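Here are some notes to read alongside the structure.

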Amino acid sequence: MQRLTASCLLLVLAASAAYSAVILDNGAPIGWSHTAAQISDLPLQEGIVTPDPWNFLHRMSLYRLMIANTDSFMGSMGAGATESPLWGLPLQFGWMQTSGRLADPTGATTCGLASGDTMCISPQSWWGCVNHFVSVLPFLSAAQQGFFGQGVQVQMQGSDATVGYCTTYAECATSYPDVMTQWDAFFQGLKASTDSPLPENEKKDSILGLYWAAHMASLNAASACSAKQTFYSAPEVNFASSWLSSADYVSAANFQSSLEKSVTFLTPLPGRILQETDQAPNIADMTQEENHTLTVFSWMKNMNTALGGSLVRMWRSAMCSVTTREKGKEMLEQLLLNPAFATSSFLSIITGMATSC
């Protein structure tokens, strides 16, 4: 894969220089065509697969391999080749890269910067740390469950700078047992779904439920990254916190994070790291959509805090059936993408839905 680094370097440099974050490259996640198409494309040492999770292409390869090797179990998601909920992960990862969020926030190195190694993911990056939990850990689980072939062993590369990040299934299972249990349940559930007698819509909802349970377990475990937030401005930390909080709503609705749907929700995310002077919805060098998204994310988190956490609890209560979860997905789309949809409407509708369950 190293022979591909130079060409992909130019691609990412161009993407990073754009006005706002780039989500797609020729209809696929950033750098997708330069990633490993099969497990044998990754480094191998003494019969053990050894990806470098601190290299952008290697970590993106983890996603490509997971999607490719689980796709045959995703028939209930739809007929297209990009309907798997796993597509949301590489798209989000690409946004982190092109918006500069994977670079070293301390300024001590040029890791991830245009003036340094743009393929580098800094171990000091809060965003890169959180992403570790939704890339490396599920990949190790998928390998353990045999999705890359029976007996395939994986050990992530590490260095003195990455001490504290687990590198094998056994290490991750010891450090984060709930996370690995949930990802194991997801991958096992995929295999079991092929023989399930459930109707396709219920099978789909069940798989999405397992996926989001694992995803949320990873995000909860990513509290281990909290100390790295000290390297960022207050507006960026507030955005990061509200971004994490938004997962409570998306997960409860069993959102199908296909490629197309994920692009819709990721495109209006802020295309650069927020600075101390940034205050949405009046950030001059950001689009109306970016300003709106920042405002809504902040409102959702602040409102839930003001209500003592009851907004999230009401939302979870309202998402009590396949039907209400479908309505919930439509409401989230309206709230995040339609500036005319009032936040007060969102609150009143949630209250009514929760009482009807």
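**Notes on the spaces and the core**

1. The second largest cavity holds about 30 Å³ of space. A cavity here is a set of points, on a 1 Å grid over the protein atoms alone, where a 1.4 Å probe fits but cannot get out. The volume is the space filled by probe spheres set on the points, with grid points joined across faces, edges and corners. Lining residues have an atom within 4 Å of a point, and for this cavity they are Gln-97, Gly-100, Leu-102, Ala-103, Gly-112, Thr-118 and Cys-120. By class, three are nonpolar, four polar and none charged. Ala, Val, Leu, Ile, Met, Phe, Trp, Tyr, Cys and Pro count as nonpolar, Asp, Glu, Lys and Arg as charged, and the others, Gly among them, as polar.

2. Before going on, a word about the source: this is a predicted model, where local features need pLDDT of at least 70, side-chain atom pairs count only at pLDDT 80 or more, and totals for chains, interfaces and linings use all residues. Residues are numbered from 1 along each chain as its sequence is written, and side-chain values use heavy atoms, with hydrogens and water left out.

3. Helices (H or I, at least four residues) and strands (E, at least two) are DSSP runs, numbered from the N terminus. H9 has the largest share of this lining, six residues. The lining divides into 19 nonpolar, seven polar and no charged residues.

4. Now the largest pocket, with about 280 Å³ of space. Of its 14 lining residues, Pro-235, Asn-238, Phe-239, Leu-294 and Ser-298 are the closest to the centre. A pocket is an open set with protein on both sides within 12 Å along at least five of seven lines. Helix H9 (234-252) and H11 each supply at least two residues of the lining, and H11 gives the largest share, five residues. Six of the lining residues are nonpolar, six polar and two charged.

5. The largest nonpolar core has 103 residues, and Phe-139, Phe-186, Trp-315 and Phe-346 have the most contacts inside it. H8 gives the most to this core, nine residues. Such a core is a set of buried Ala, Val, Leu, Ile, Met, Phe, Trp, Tyr and Cys residues joined through side-chain atoms within 4.5 Å. Leaving aside neighbours within four places in sequence, Phe-346 is in contact (heavy atoms within 4.5 Å) with residues including Tyr-249, Trp-299, Trp-315 and Leu-332.

6. Is Met-300 buried or exposed? Met-300 counts as buried because its relative accessible area is 5%, and buried means under 20%, exposed over 50%, partly exposed in between (1.4 Å probe, protein chains only). Met-300 sits in helix H11 (residues 288-306). Not counting residues up to four places away in sequence, Met-300 touches Tyr-249, Leu-311, Leu-332 and Leu-335.

7. Leu-44, in strand E3 (residues 44-45), counts as exposed because its relative accessibility is 55%. Beyond residues up to four places away in sequence, Leu-44 touches Val-49 and Thr-50.
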